[in-house]
Amino acid sequence: MDYLFQGLLEACRLLLGGDPETYSAVAATVRVSSYAMAASLLIGLPLGFILGHLRFPGRRQARLVVDTLLSLPTVFIGLLVYAFLSRRGPLGDLGLLFTLPGIAIGQTLLALPVVVALTATAVESMDANLRVTLLSLGADRWQLMRDTLWEARHGILAAALNAYGRVMTEVGISMMVGGNIKWHTRTITTAIALETNKGMFAMGIALGLILLFIAFAVTATVSLLRRK
Amino acid sequence: MKHKGFLAKGSLLMIALLALLCGAAWAAEPQAVMMATTTSTDDTGLLDYLAPHFKKATGYELRWTATGTGKALELGKNCDVDVLLVHAPKAEIKYVEEGFGINRTLVMYNDFVITGPASDPAGIKGRTVAEALAAIVAKKAVFVSRGDNSGTHKMEQELWKASNLAQPEKESWYISTGQGMLATINVAAEKNGYTLTDRGTYIKYESDKAGKAPQVILVEGDAPLRNQYSVIEVNPKRCEKVNNALAHQFAVWITGPQAQKLIGDFKLMGKQLFTPNAPH
């Protein structure tokens, strides 16, 4: 049990002492999760809007598929992305294996169903009158989507935070696609896995606390922006 | 409708930022040799110690991903790494014969030991490997296996075979962790069981526990326990994209006099972890 307390001390030491290895892992984590979130929001918001707003044949089935994908195991995504990015795979020429953008591709796949499903839910739960009102004001399709998404922003923000949580804490994709390479693709979570494997439990706990700290910083910033 | 402008500006900014970050990530890519290796070379800190010397000697960076030997060989088969540093001689020879790798060269060895609780319930201390394993089976004492197709796991399977014992599988006393060596020693400590480990990782474990290690060495020095590491270049004829020039340079360096001396000098708690034995 003493490593719990040791972990707390260690976390403070690493953060305040400016440990370069820890900061490299922090930077990798923040960078890769930012890529993944930007990509999944750019792709996921329009898809979520379509799924939640439009009534088209096969919509319920599509919804079922998206909801199922919420349970995609990260190790499985990791293997899938590895198969594509491996030099023997179809996208091997891009040289993305063992790079941060490679991990980001996997994490985008992880975040996408969360963004799509929760955006669709947020849009669905909007007042049905909104559509009529917007149309009567002469909104075109693009404006309709933009304004509906804007009105559903709180639900969408919740979706984004949820997806961010999954992306930042996953270890399967980062390990398989990134390879846990020191100074390059070692993220906080793969570092935790490594330290734990090495039996350095206090160090693992310290890194876990640092990850929580980053998550706190992100959510605090978001809630601050929300209030404005 | 002020928010529309904000939204449009926001997404533009995000795209610009993303492009900038991606660009920076790809632009600053120096030449590096990519290696797949086993957990033991990484966990003991040997690679952290060698990498700066390699950089100084050649100007190239050494990057590695540490996994079990099984996955390391697979990464080489898929052309995802340039060079391998692994320890499963039989699998390696087959690997080279099948054309996946070239220029396999011995680098160093350490040895395996069987560790267990100091109380030694099966009474294996100081006995040969065959006697010790037979005693463990007879007593149904807990034995913890890597179970991950790593070099250590392959060695364990060979030892059961060489001792004329059936490979345990579902026996209640046989625990397969599927994890790295240090994690597995920790499981053995928790379960009061025996395990097979390379000496290097054990010394690291012992030093982490600062003299209070619950697992102690019980069987050592028996001939079948030698653990040989070799370097293998991934075959550039199969894999056009691998950087064989760098892989070869690394292989030559690590088997050369400078690195061989460094390996011999690498100590933890005053104990030498690996014995260099590259052919001259």
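**Stop 1: where the chains meet**

Start with the interface: 21 residues of chain A are in contact with 25 residues of chain B. Bear in mind as you look around that this is a predicted model.

Now highlight α2 (20-53), α5 (100-124), α7 (141-151) and α10 (188-197) of chain A, the elements that each give two or more residues to the side touching chain B. Of these, α2(A) gives the most, with 3 residues.

**Stop 2: chain A by itself**

Chain A has 228 residues, and buried ones make up 44% of them. If you draw the contacts of chain A with a separation of 6 or more, 78% of them join residues 24 or more positions apart.

**Stop 3: the two domains of chain B**

Bring chain B back and give its domains two colours: domain 1 is 32-109 + 228-276, and domain 2 is 111-225. Their centres, taken over C-alpha atoms, are 26 Å apart. Where they touch, domain 1 of chain B puts in 18 residues and domain 2 of chain B puts in 16.

Next, select α2 (39-43) and α4 (69-77) of chain B, which each supply at least two residues to the domain 1 side of this contact. Here α2(B) gives the most, with 3 residues. By class, the domain 1 side that touches domain 2 has 8 nonpolar, 8 polar and 2 charged residues.

**Stop 4: the nonpolar core**

Show both chains again. The largest nonpolar core has 129 residues, and those with the most contacts inside it are A:A111, A:V115, A:A163, B:M35, B:V83, B:L84 and B:F250. Which element gives the largest share of this core? That is α5(A), with 16 residues. Keep the domain colours on chain B: domain 1 and domain 2 both give residues to the core, so it lies between them.

To finish, zoom in on A:A163. Leaving aside neighbours within four places in sequence, A:A163 is in contact with A:M37, A:S40, A:A111, A:V114 and A:V115.

Conventions. Residues numbered from 1 in each chain as written. Chains lettered and ligands numbered in written order. Predicted model: local features only at pLDDT ≥ 70, side-chain atom pairs only at ≥ 80, totals over all residues. Contact = placed C-beta atoms within 7 Å. Helix = DSSP H or I, 4+ residues; strand = E, 2+ residues; numbered from the N terminus. Buried ≥ 20, exposed ≤ 12 C-beta atoms within 10 Å, placed from the backbone. Domains from an automatic or database assignment. Nonpolar A, V, L, I, M, F, W, Y, C, P; charged D, E, K, R; others polar. Core = buried A, V, L, I, M, F, W, Y, C linked by C-beta atoms within 7 Å.
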